Amino acid sequence: MPFMPVKFNLQKRVKLAQGLWMIYWLSVIVGIILFSLGIFFKIELRKRSEMMDNNESHLVPNLLILVGLLACGLNAFGGKVCHDSLDPIKFAKWKPMLKPFLLLCCGFNALLLLTALLCFLMQFAVYLTLAEGLKNSIKFYKDTDTPGRCFMKRTLDMTQIEFRCCGNNNFRDWFEVQWISNRYLDMSNDLVKDRVLSNVEGKYLMDSVPFSCCNPGSPRPCIQHHLTNNSAHYDYDHRIEELNIWTRGCREALFSYFSSIMNSIGVLIVAAVILESVDMAGLKYLTTALETMDDPENPECESDGWLLEKGVKDTFGDLLTRLKTLGTSNQVVEGGDSPTAAN
């Protein structure tokens, strides 16, 4: 017995074909959006590649570009089939392609689900890459004369301003590195010399942060030097004072930005999978309804449509039998006697 059978007349077939045509072209628009998001996400990763130590993965945006292009092609084809379905002559040329097309759509849905899964799972890799990349970016902030790192200062400053963040985990990360180049330090000054010599690694460390950490919305002029020295500022206590610098770390800010993009893309892909499933189910109903017409010459006659020709259990049983038969036919029989010619 067919699974989920439905009776169709001419009016129902026309409405189904028209509705499917609209849904297929809606799916084409979704494919264009997925393709555009893949390009956008790839560009964003390229823009922040220095913050990720150039170890970012482009697997997700590349898959998005691929599934976007596939969605456009497959759904445009499905829309054309629906458009021609009510004309017996035009539909006849598409009929042999429908079964492979539906199988291809099943594979495409599996690829969409894999892409959605990667959007959620790859966020942990992005977090680790950001943690290591930002740590190195802060370390190389001062190397404005070193080839390959000349623009690190500008990139990190612009990142802190744009994302309203400071440091890797927080502003205290700047206390642990020398972020002022030696060319701007007066080594003849006793205070500078003492600070360098007092450090085991010979670094000029301060309880200060770059100007890009300053919060322009604070009513108090930016305090970016001697942040932990209460006596250096009037009416100031660093333990209770709401600092007028950004307190959120850039790792958290950037990860929040990328994770929001990936979560949004993942949700959109899940919606695309649902839309593609509706397309496949509708096309199956439409093709079976056209194939089971009692009198193809009479468009007014009734017909039956279904999702599966047999029940779910029988369909899976037949599929397993085919797979077993295929596996058996591909086995190589070893140790058999070779035929000998009769004397």
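1. Helix 3 (residues 88-121) and helix 7 pack with their axes 9 Å apart, at an angle of about 160°. Since angles over 145 degrees count as roughly antiparallel, helix 3 and helix 7 are therefore roughly antiparallel to each other. Their crossing is left-handed. Sorted by class, the contact of helix 3 with helix 7 has 23 nonpolar residues, together with 6 polar and 4 charged ones. Do keep in mind that this is a predicted model.

2. Helix 7 (residues 250-291) also packs with helix 5 (residues 152-163), here at an angle of about 70° and with the axes 10 Å apart. The 65 to 115 degree range is what counts as roughly perpendicular, so helix 5 and helix 7 are roughly perpendicular to each other. Helix 5 passes helix 7 in a left-handed crossing. On the helix 5 side the contact is made by T159, Q160 and F163, and on the helix 7 side by C250, A253, L254 and Y257. That set divides into 5 nonpolar and 2 polar residues, with no charged ones.

3. Back to helix 3, which packs with helix 4 (residues 123-139) at an angle of about 35°, the axes being 5 Å apart. C119, F120 and L121 of helix 3 make this contact with Q123, F124 and A125 of helix 4. By class, the contact of helix 3 with helix 4 comes out as 5 nonpolar and 1 polar, with no charged residues.

4. Now the annotation. The unreviewed UniProt entry places "transmembrane region" at residues 20-41, 62-81, 101-130 and 254-275. How do two of those spans look in the model, taking residues 62-81 and residues 254-275? Residues 62-81 are 100% helix and 0% strand, with the end C-alpha atoms 29 Å apart. Residues 254-275 are likewise 100% helix and 0% strand, and there the end C-alpha atoms are 32 Å apart.

5. A word on confidence. The protein chain has a mean pLDDT of 83, and 81% of its residues reach 70 or more. Which element has the highest mean pLDDT, and which the lowest? Helix 5 has the highest, at 93, while helix 8 (residues 312-329) has the lowest, at 59.

Key. Residues are numbered from 1 along each chain as its sequence is written. This is a predicted model: local features need pLDDT of at least 70, side-chain atom pairs count only at pLDDT 80 or more; totals for chains, interfaces and linings use all residues. Side-chain values use heavy atoms; hydrogens and water are left out. UniProt positions are given in the numbering used here, feature names are shortened, and annotations may be inferred rather than shown by experiment. Helices (H or I, at least four residues) and strands (E, at least two) are DSSP runs, numbered from the N terminus. Axes are lines fitted to C-alpha atoms, for helices over the stretch in contact, and angles run from 0 to 180 degrees between N-to-C directions. Angles under 35 degrees count as roughly parallel, over 145 as roughly antiparallel, 65 to 115 as roughly perpendicular and the rest as oblique. A crossing is left-handed if the near helix is turned anticlockwise from the far one by less than a right angle, and right-handed if clockwise. Contact means heavy atoms within 4.5 Å. Ala, Val, Leu, Ile, Met, Phe, Trp, Tyr, Cys and Pro count as nonpolar, Asp, Glu, Lys and Arg as charged, and the others, Gly among them, as polar. pLDDT is the predictor's confidence in each residue, from 0 to 100.
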